[in-house]
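Student: I have a structure open and want to learn how to read its features. Can we go through it together?

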Amino acid sequence: MTLQFIQSYPDRVTIHFIPWLTWSFAGLVGYGLFTILQPVIAGTQSLTGGIALSVALLVGMVLFTLIIGGQLGICQIDHQRNVITVTAYGLQGRTRHERSLSDVKGLEVRILRRSQYRLLLALRSGERLPLAPFYLVSFSDRGIRRIAAALHVEPQMIQEKQSVR
């Protein structure tokens, strides 16, 4: 789950996509690691193979989770400069895409499930640029409507086909 903060100014709109559930999970695992390692660091318990293995598995799991879903996404719509900038910050570094607002043809909302969706900018070149680096969860379309209004387009809802395995 993500928090979606939308800040509106007279000539620009900034949207922050914050994966709070992923970061909360990482914090909880960090607390668990501290709890496991505290007696070892204090010297009241020796480091055994089981403790080392559990610490290694927990660190690996939290790194995997943060790499896959822990990216902070920021989208800036600047009407004064006629530019939209989509930036993602994560453990693998920063990615940044900048396009002209006049190239934006529409906003696609790819719905995976009832409340899980992905926002994509449809560009005149045929390219699709994701606004957030992950699927979003929301129980209302208020944020989608605000983003579409800032882009001066109507959102296009597209139901993703679900495969059964």
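Student: How do the residues of the lining of the largest pocket divide into nonpolar, polar and charged?

Tutor: This is a predicted model. In it, the lining of the largest pocket has six nonpolar, five polar and two charged residues.

Student: How is empty space found in the first place?

Tutor: Rolling a probe the size of a water molecule over the atoms shows where space is left empty. Here, the largest pocket has a volume of about 260 Å³.

Student: Which residues lie nearest the centre of the largest pocket?

Tutor: Look for Q4, S138, S140, R142 and G143. They belong to a lining of 13 residues. Two elements, β1 (3-8) and α3 (142-151), each give two or more residues to that lining. The most come from α3, which gives four.

Student: Now the helices. How do I describe two that pack?

Tutor: Two packed helices are described by the angle between their axes and the distance between the axes. Take α1 (residues 20-42) and α2 (residues 49-69): their angle is about 165 degrees, and their axes are 10 Å apart. Angles over 145 degrees count as roughly antiparallel, so α1 is roughly antiparallel to α2.

Student: Is the crossing of α1 and α2 left-handed or right-handed?

Tutor: The crossing is left-handed.

Student: Which residues meet there?

Tutor: From α1, they include W23, F25 and L33. From α2, they include I51, L58 and M61. The residues of this contact divide into 15 nonpolar, four polar and no charged.

Key. Residues numbered from 1 in each chain as written. Predicted model: local features only at pLDDT ≥ 70, side-chain atom pairs only at ≥ 80, totals over all residues. Heavy atoms only, no water. 1 Å grid on protein atoms, 1.4 Å probe; cavity = no way out; pocket = protein on both sides within 12 Å on 5 of 7 lines; lining within 4 Å. Points joined across faces, edges and corners; volume = space filled by probe spheres on them. Nonpolar A, V, L, I, M, F, W, Y, C, P; charged D, E, K, R; others polar. Axes fitted to C-alpha atoms, helices over the stretch in contact; angles between N-to-C directions. Parallel < 35°, antiparallel > 145°, perpendicular 65-115°, else oblique. Left-handed = near helix turned anticlockwise from the far one by under 90°. Contact = heavy atoms within 4.5 Å.
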